[in-house]
Amino acid sequence: MKTILPALIAVVLLCSGLMGCATATMPVSGFMYGNVKAPMTGTAAPGQTTLVGRASVRSILGLIASGDASIHTAARNGGITEIHYVDYESQNFFGVLAEFTVVVYGN
């Protein structure tokens, strides 16, 4: 524990001074931590939604990023053929880890 904490503090301090830190789209952001949900788009499809699909991308230190957060993939993951609306969720922890998730609602 004595070696992990100083290393984590060093990474956070180094990362806070660099532009390449892990970030994700957010309408508002927090320096140390962010966990935000927001709307992306909607359609004129009538009725209640019964299905939800998710697709995510992740980043580590802004150096490595991977995933597929497309609306198409989220709809396919939820078995959705008629999209009603789309939201997104975004998380960021000290600029070290970031995740962006597209959430599709429909039938």
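In the hairpin of β2 and β3, which residue takes a positive phi? The residue is Leu61, whose phi is near 55° in a hairpin that has three residues between the strands. The views below come from a predicted model, in which local features need a pLDDT of at least 70 and side-chain atom pairs count only at pLDDT 80 or more, while totals for chains, interfaces and linings use all residues. Residues are numbered from 1 along each chain as its sequence is written, and side-chain values use heavy atoms, with hydrogens and water left out.

**View 1. The whole chain, with its helices and strands.**
The chain has two helices and five strands, and along the sequence these follow the pattern α-β-β-β-α-β-β. Helices (H or I, at least four residues) and strands (E, at least two) are DSSP runs that are numbered from the N terminus. Of the 107 residues in the chain, 32% are buried, where buried means under 20% relative accessible area, exposed means over 50%, and partly exposed lies in between (1.4 Å probe, protein chains only). The chain exposes about 6,800 Å², of which carbon and sulfur atoms supply 65%; accessible areas come from the Shrake-Rupley method with a 1.4 Å probe, and for residues only the protein chains shown count as cover. Among contacts with a separation of 6 or more, 69% are between residues 24 or more positions apart, a contact being heavy atoms within 4.5 Å.

**View 2. The confidence of the prediction along the chain.**
The chain averages a pLDDT of 83, and 76% of the residues score at least 70; pLDDT is the predictor's confidence in each residue, from 0 to 100. Among the elements of the chain, helix α1 (residues 4-16) has the lowest mean pLDDT, 64, whereas helix α2 (residues 71-77) has the highest, 97. Where pLDDT is low, the predicted coordinates should not be read in detail.

**View 3. The five-stranded sheet.**
Five strands form an open sheet in the order β1-β4-β5-β2-β3, with antiparallel pairing. At the edges stand β1 (33-42) and β3 (64-67), each with a single partner strand, so one side of each is left without a neighbour in the sheet. From one strand to the next, the twist averages 15°, an angle that rests on axes fitted as lines to C-alpha atoms (for helices over the stretch in contact), with angles running from 0 to 180 degrees between N-to-C directions. Strands of a sheet pair through backbone hydrogen bonds, either parallel or antiparallel.

**View 4. Partners across the sheet.**
Two strands are said to pair if DSSP finds at least two bridges between them. Strands β1 and β4 run antiparallel and are joined by nine bridges, and Gly42 stands opposite Tyr85 in β4. Strands β2 and β5 pair in the antiparallel sense over 10 bridges, and here Leu51 stands opposite Gly106 in β5.

Four bridges join the antiparallel strands β2 and β3, with Ile60 standing opposite Ile64 in β3. Leu61, in the loop between these strands, has its positive phi although it is not a glycine, and at 27% relative accessibility Leu61 counts as partly exposed. Phe94, in the loop between β4 and β5, is a residue other than glycine with a positive phi near 55°; Phe94 is partly exposed, with a relative accessible area of 23%.

A search of the whole structure finds two salt bridges, a salt bridge being a side-chain nitrogen of Lys or Arg within 4 Å of a carboxyl oxygen of Asp or Glu. Side chains of opposite charge can pair when their charged atoms come close. In this view the side chains of Arg54 and Glu89 meet at 2.9 Å, N to O. Arg54 lies in strand β2 (residues 51-60) and Glu89 in strand β4 (residues 83-93), so the pair ties together parts that are 35 residues apart in sequence. Arg54 is partly exposed, with a relative accessible area of 42%, whereas Glu89 is buried at 19%.

**View 5. The salt bridge of Arg58 and Glu99.**
The side chains of Arg58 and Glu99 meet in a salt bridge of 2.9 Å, N to O. Because Arg58 lies in strand β2 and Glu99 in strand β5 (residues 97-106), the pair ties together parts that are 41 residues apart in sequence. Arg58 is partly exposed, with a relative accessible area of 46%, and Glu99 counts as partly exposed at 22% relative accessibility.
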